[in-house]
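Hi everyone, thanks for making time. Could you bring up the model on your screens while I get settled?

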Amino acid sequence: MTTRNISADRATAMLSVIKEFQCLSPQDIGVVAAACRWHRYEAGNEIVRYHDHTNSAFFIAQGEIRIMYHSLSGQEVILCDLPTGEMFGELTAIDGHPRSATAIARGSVLLASMPASDFQELIYGNRQIAEIILKRLTGQVRRLTERVYDYSTLAVRNRIQVELLRLARNHMISENVAVISPAPTQTEIANLVSTHREAVSRELNMLIRNKLILRQGHDLHVLDIAKLTEMVNEARGSF
């Protein structure tokens, strides 16, 4: 990790890509930028660790980070990947508790960090930001509720379908087709849905035979999002 010196104008421009700040004027973003420090991380660098006691919130100006942790047995559990424009670390910045997960850089990443005291002041002092953060947190609760339901009721093959559908919806190139590039490895998908690589391989091969997906190089093409959605809804509705 290296600490970067960035001009005020460039810092303001970089922070304008953060979704939570897009309601702010350039002047207000400039005030936010003044409270931030800038850091460059390279692929595999750890940004925060599960249960550590740092308390800053982070904003992803460039690159992508992975939120994950390791079980007591050493198994890697992937919670999500966050692209440019996202933020993370807000839970600890709000409640002061230790980190709930580890964050690592997936490539070269440029982050702005804001101390908890400044982050709380930003929330309390700006009604728009407060509303956005509240909606963000309630969205996280809804997604976690859905994930617990899926883990509790769906078979492994259906959980794999759910994850593929989630990825497809984030990489759509038309109403019914998506290109996930680069595609996650089978091991990464397994870690996302708490299974093993062999189960992922079997399900992907089945979807290929049914012409729902196609692998080309490092890309995964989802050829019929509507059909995949129907399969997921049928699995969820059968319990």
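Quick ground rules. This is a predicted model, where local features need pLDDT of at least 70, side-chain atom pairs count only at pLDDT 80 or more, and totals for chains, interfaces and linings use all residues. Residues are numbered from 1 along each chain as its sequence is written, and side-chain values use heavy atoms, with hydrogens and water left out.

Buried means under 20% relative accessible area, exposed means over 50%, and partly exposed is in between, using a 1.4 Å probe and protein chains only.

Okay, find strand β9, residues 109-114. Is β9 enclosed or open? Well, 6 of its 6 residues are buried, so the rest of the structure largely encloses it. Val109, Leu111 and Ser113 point one way, Leu110, Ala112 and Met114 point the other way, and all are buried.

So who are the neighbours? Strands count as paired if DSSP finds at least two bridges between them. Strand β2 (residues 37-41) runs antiparallel to β9, with 5 bridges joining them, and Arg40 stands opposite Leu110. Strand β4 (residues 57-62) is also antiparallel to β9 and joined to it by 5 bridges; there, Phe59 sits opposite Ala112.

Now step back to Ser108, in the loop between β8 (102-105) and β9. Ser108 has 38% relative accessibility, so it counts as partly exposed. Contact means heavy atoms within 4.5 Å. Leaving out residues up to four places away in sequence, Ser108 touches Arg40, Tyr41, Glu42, Ala43, Gln62 and Gly63.

Two of those partners also make polar contacts, meaning a pair of N or O atoms within 3.5 Å; within protein, one must be able to donate a hydrogen and the other to accept it, and residues adjacent in sequence count only if both atoms are side-chain atoms. The Ser108 side chain makes one of 3.2 Å with the side chain of Arg40 and one of 3.4 Å with that of Glu42.

Next up, Asp150 in helix α5, residues 127-153. Asp150 counts as buried because its relative accessibility is 6%. Its side chain has a polar contact of 2.8 Å with the side chain of Arg236. Beyond four places in sequence, Asp150 touches Arg159, Val162 and Arg236.

On to helix α8, residues 197-209. How far does it reach from its first C-alpha to its last? With 13 residues, α8 reaches 18 Å, close to the 18 Å expected at 1.5 Å a residue. That expected span is 1.5 Å times one less than the number of residues. Buried residues in α8 include Ala199, Glu203 and Leu207. The buried residues of α8 pack against α6 (156-169), α7 (186-193), β11 (213-216) and α9 (225-237). After α8 comes Lys211, with a positive phi near 60 degrees.

Last stop: the second largest pocket. Its lining includes Leu24, Asp28, Met114 and Asn126. The elements giving two or more residues to that lining are α2 (26-34) and α4 (116-125), and α4 gives the most, with 4 residues. A pocket, on a 1 Å grid over the protein atoms alone, is an open set of points where a 1.4 Å probe fits, with protein on both sides within 12 Å along at least five of seven lines; lining residues have an atom within 4 Å of a point.

That's my tour, thanks!
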